[in-house]
Amino acid sequence: MHKLALFRLHLIVFLWGFTAILGKLIHANAQILVFYRMLFAAIFLYVFIRIYKKESIKVSKKIFFQLAAIGFAMALHWYCFFYSIKVSNVSIALSCLSLSTLFASILEPVIFKRKIDVSEVVMGLVIVACILLIFKTEFQYKEGIFYGILCAVFGTVFSVFNGKMFGKTSSGNIIFYEIFCGWSMLMVIYLFSGQIFHMNEISYRDIALICLLASVFTAFPMLESVKLMKYISPFTLILTVNLEPVYGIILAFFIFGESEHMSSIFYIASFVMILAIVINGFIKAKKQKQLN
């Protein structure tokens with residue numbers, strides 16, 4: 001069962017890594033892409049929870065508003081991620097995600113009221129140094145790097161606060177309301193800004209790809225990752241999820257060719273960042289064993 005769980009884990013991480021590939025294949029802009037991704041994902045989740053599983057989606061008002069706030073952070077995270085891809089490329093967007101380690105090392109202790117882990121901060125600073133090196137050598141992608149960093153910020157906020165929600169209601173309800181509320185808030189913003197009238201500027205090809213993105217690459221892996229927590233440790237989950245940029249960058253290199261070919265410094269810096277994250281994971285695991 002453990003080996004099967006590890007296979008399933010690598011599968012969903014691979015699927016997450018492929019979302020960046022789909023983001024580039026979809027011609028629609030980031031606003032339209034995220035709008036329909038969240039809409040379709042919410043529909044798929046509702047059908048799965050209410051019709052297939054026949055489970056209740058009732059939550060208290062307090063939990064609903066908490067999930068709504070987290071869902072908005074999720075929407076901003078996805079928007080910045082896909083916008084970064086549109087104005088630069090897959091490799092830049094995915095490499096910037098590594099900054100989440102630094103942001104989490106600062107935000108998580110505040111939210112969970114624990115001491116700041118010096119090793120996490122050091123690893124985070126190593127990643128910042130690598131990002132600065134990438135920024136210097138790949139300056140033509142400065143806008144993509146900026147939005148990639150914002151993506152890491154909102155992603156960290158979403159992940160850390162999401163960690164406080166598990167156990168308060170079912171995992172399916174948490175994911176459903178976060179995605180649905182995130183989409184609802186985008187709808188309100190687009191209504192007031194007038195962007196809602198441009199939501200029909202999308203091809204049938206893009207709709208089909210977004211449906212694929214929302215179901216196979218969003219709803220399924222999010223639900224599956226929660227189920228896997230029964231069989232694998234949080235450390236194994238976090239460590240494996242860090243492979244997402246690796247899968248994505250390698251796939252982009254072979255699928256898109258020249259547009260994804262970066263300088264040797266970029267690949268060295270990316271390797272150092274991923275190595276730092278892995279080392280940090282082993283350090284945390286060792287400390288956890290000592291505590292136990």
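Predicted model: local features only at pLDDT ≥ 70, side-chain atom pairs only at ≥ 80, totals over all residues.
Local features need pLDDT of at least 70 and side-chain atom pairs count only at pLDDT 80 or more, while totals for chains, interfaces and linings use all residues. Residues are numbered from 1 along each chain as its sequence is written, and side-chain values use heavy atoms, with hydrogens and water left out.

Start with helix H6, residues 118-137. Helices here are DSSP runs (H or I, at least four residues), numbered from the N terminus. H6 has 20 residues and reaches 29 Å from its first C-alpha to its last. That is close to the 28 Å expected at 1.5 Å a residue. The expected span is 1.5 Å times one less than the number of residues.

Which residues of H6 are buried? They are Ser-119, Glu-120, Met-123, Gly-124, Ile-127, Cys-130, Ile-131 and Ile-134. Buried means under 20% relative accessible area, exposed means over 50%, and partly exposed lies in between (1.4 Å probe, protein chains only).

Next, look at the nonpolar cores. A nonpolar core is a set of buried Ala, Val, Leu, Ile, Met, Phe, Trp, Tyr and Cys residues joined through side-chain atoms within 4.5 Å. The largest one has 80 residues. Tyr-36, Met-38, Phe-81, Phe-82, Val-90, Ile-92 and Ile-179 touch the most other members. Take Met-38. Residues up to four places away in sequence are not counted, and Met-38 still touches Gly-71, Met-74, Ala-75, Trp-78, Glu-178, Ile-179, Gly-182, Trp-183 and Leu-186. Contact means heavy atoms within 4.5 Å.

Gly-182 was one of the residues touched by Met-38. Gly-182 lies in helix H8 and is buried, with a relative accessible area of 0%. Leaving out residues up to four places away in sequence, Gly-182 touches Met-38, Gly-71, Phe-72, Ala-75 and Tyr-177. Val-34 is 148 residues from Gly-182 along the chain, yet their C-alpha atoms are separated by 9.8 Å.

Stay with H8. Its 23 residues should span 33 Å at 1.5 Å a residue, and its end C-alpha atoms are 33 Å apart, which agrees. Just after H8, Gly-194 takes a positive phi of about 85°.

How many aromatic pairs does a search of the whole structure find? It finds 22. Rings of Phe, Tyr and Trp (its six-membered ring) pair if their centres lie within 6.5 Å; planes under 30 degrees apart count as stacked, over 60 as edge-to-face and the rest as tilted. Phe-64 and Tyr-177 have ring centres 5.7 Å apart and planes at 85°, so this pair is edge-to-face. Phe-64 lies in helix H3 (residues 61-87) and Tyr-177 in helix H8 (residues 171-193), so the pair ties together parts that are 113 residues apart in sequence. Phe-64 is partly exposed, at 27% relative accessible area. Tyr-177 is buried, at 11%.

Phe-176 and Phe-180 also pair, but stacked: 5.8 Å centre to centre, with 10° between the planes. Both lie in H8, four residues apart, about one turn of the helix. Phe-176 is buried, at 7%, whereas Phe-180 is partly exposed, at 32%. Ring pairs link these residues into a cluster, including Phe-64, Phe-176, Tyr-177, Phe-180 and Trp-183.

Finally, the charged pairs. Side chains of opposite charge can pair when their charged atoms come close. A salt bridge is a side-chain nitrogen of Lys or Arg within 4 Å of a carboxyl oxygen of Asp or Glu. By this rule there are two. One joins Arg-8 and Glu-224 (2.5 Å, N to O). Arg-8 lies in helix H1 (residues 2-25) and Glu-224 in helix H9 (residues 204-228), so the pair ties together parts that are 216 residues apart in sequence. Both Arg-8 and Glu-224 are buried. Asp-206 and Arg-205 also meet in a salt bridge (3.0 Å, N to O). Asp-206 is buried, at 3% relative accessibility, while Arg-205 is partly exposed, at 39%.

Terms used:
Helix = DSSP H or I, 4+ residues; strand = E, 2+ residues; numbered from the N terminus.
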